[in-house]
Amino acid sequence: MDLHTVSTYRYAYSRDDLTLAAGERIVAGGTWFFSEPQVTSSGVVDISRIGWEPFEELPDGGLRIAATATIAQLAELPAEHGWRAHPLLFQCATALLASFKIWNVATVGGNICRSFAAASMVSLAAGLDGRALIWRPDGTDYSLDVADFVTGNGTNTLGEGEVLRAIDIPGYALRGRTGFRKIALAELGRSGVVVTGRRDEDDTVVVGITAATLWPTVLRYNGLPDAERLRSDIWSADGYYTDPLGAADWRRGVSAVLAEQIRDELGRDEPQRDTEGAAAP
């Protein structure tokens with residue numbers, strides 16, 4: 001799309017280049033920014049050449065995902081670390097309604113900063129206790145849970161001039177067993193409900209609901225909850241909404257059904273693996 005109000009375009013190569021002039025906006029892939037008029041923007045600061053490594057291992061065995069990492073890079077990340085939660089990376093990537101062209105340009109950080117209810121990278125981060133590392137314009141940093149970063153359908157806590165640097169996924173979450181369910185009203189439609197589940201080594205169970213609610217809903221239990229408690233917690237959660245892609249009561253009801261499927265899955269004994277990693281018959 002032609003952006004008639006934008007008159008400047010520059011690349012950021014370092015943190016110093018991220019100081020914004022009035023009207024400047026930061027983009028990484030820019031797949032949303034360039035898709036519709038941006039009447040309040042007069043300049044673009046492109047961070048795609050800033051040189052952040054897409055993925056870095058954290059001291060606890062976790063994963064730092066650069067904000068500039070693409071959805072395709074995340075989906076293709078090899079399972080060489082033995083993370084039991086590894087399948088969730090690809091599963092959440094496929095929850096994004098996008099062509100392969102978008103996959104190769106759209107970024108993890110851009111998807112989270114856009115903060116749509118159906119943002120697939122929000123689903124991933126909320127399900128794995130991901131924390132957003134944010135750079136302030138004064139040179140300081142802070143972090144917060146992605147589940148708290150997103151405040152509504154298209155809104156978040158990011159302040160003026162702040163930049164999402166990375167998403168940190170803790171090692172304990174990557175070592176957990178995970179489950180995933182997604183549903184949409186149309187075969188190729190935007191996700192209407194996304195539910196993730198995780199059971200950690202200490203038996204903590206985390207159920208995340210996104211797309212169905214305006215902000216991430218994260219339910220946490222000291223052990224596997226019984227079916228009635230899980231259903232009650234999901235039905236009493238706030239934020240279910242109605243739009244052309246689903247009614248609030250449908251989203252609430254389907255969330256409970258999908259979460260119960262995941263609860264049942266996480267309650268089963270983990271399948272034994274042969275020496276090559278395949279499930280034994």
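## Overall size

For a chain of 281 residues, a compact globule would have a radius of gyration near 19 Å, and the protein has 19 Å, so the two agree. Here the radius is taken over C-alpha atoms, and the globule rule is 2.2 Å times the number of residues to the power 0.38. Along the principal axes, the C-alpha atoms fill a box of roughly 60 × 45 × 35 Å.

A word on the model: it is predicted, with local features needing pLDDT of at least 70 and side-chain atom pairs counting only at pLDDT 80 or more, while totals for chains, interfaces and linings use all residues. Residues are numbered from 1 along each chain as its sequence is written, and side-chain values use heavy atoms, leaving out hydrogens and water.

## Fold and contacts

You will find nine helices and 14 strands in the protein; these are DSSP runs numbered from the N terminus, with helices being H or I of at least four residues and strands E of at least two. Among contacts (heavy atoms within 4.5 Å) with a separation of 6 or more, 59% link residues 24 or more positions apart.

## A covered helix

Of the 281 residues, 48% count as buried, meaning under 20% relative accessible area with a 1.4 Å probe, protein chains only. Helix H5, residues 120-127, is mostly covered, with eight of its eight residues buried. Among them are Met121, Val122 and Leu124, along with Ser120 and Gly127. After H5 comes Asp129, which has a positive phi near 55°.

Definitions and conventions: Buried < 20%, exposed > 50% of the residue type's maximum accessible area, 1.4 Å probe, protein only.
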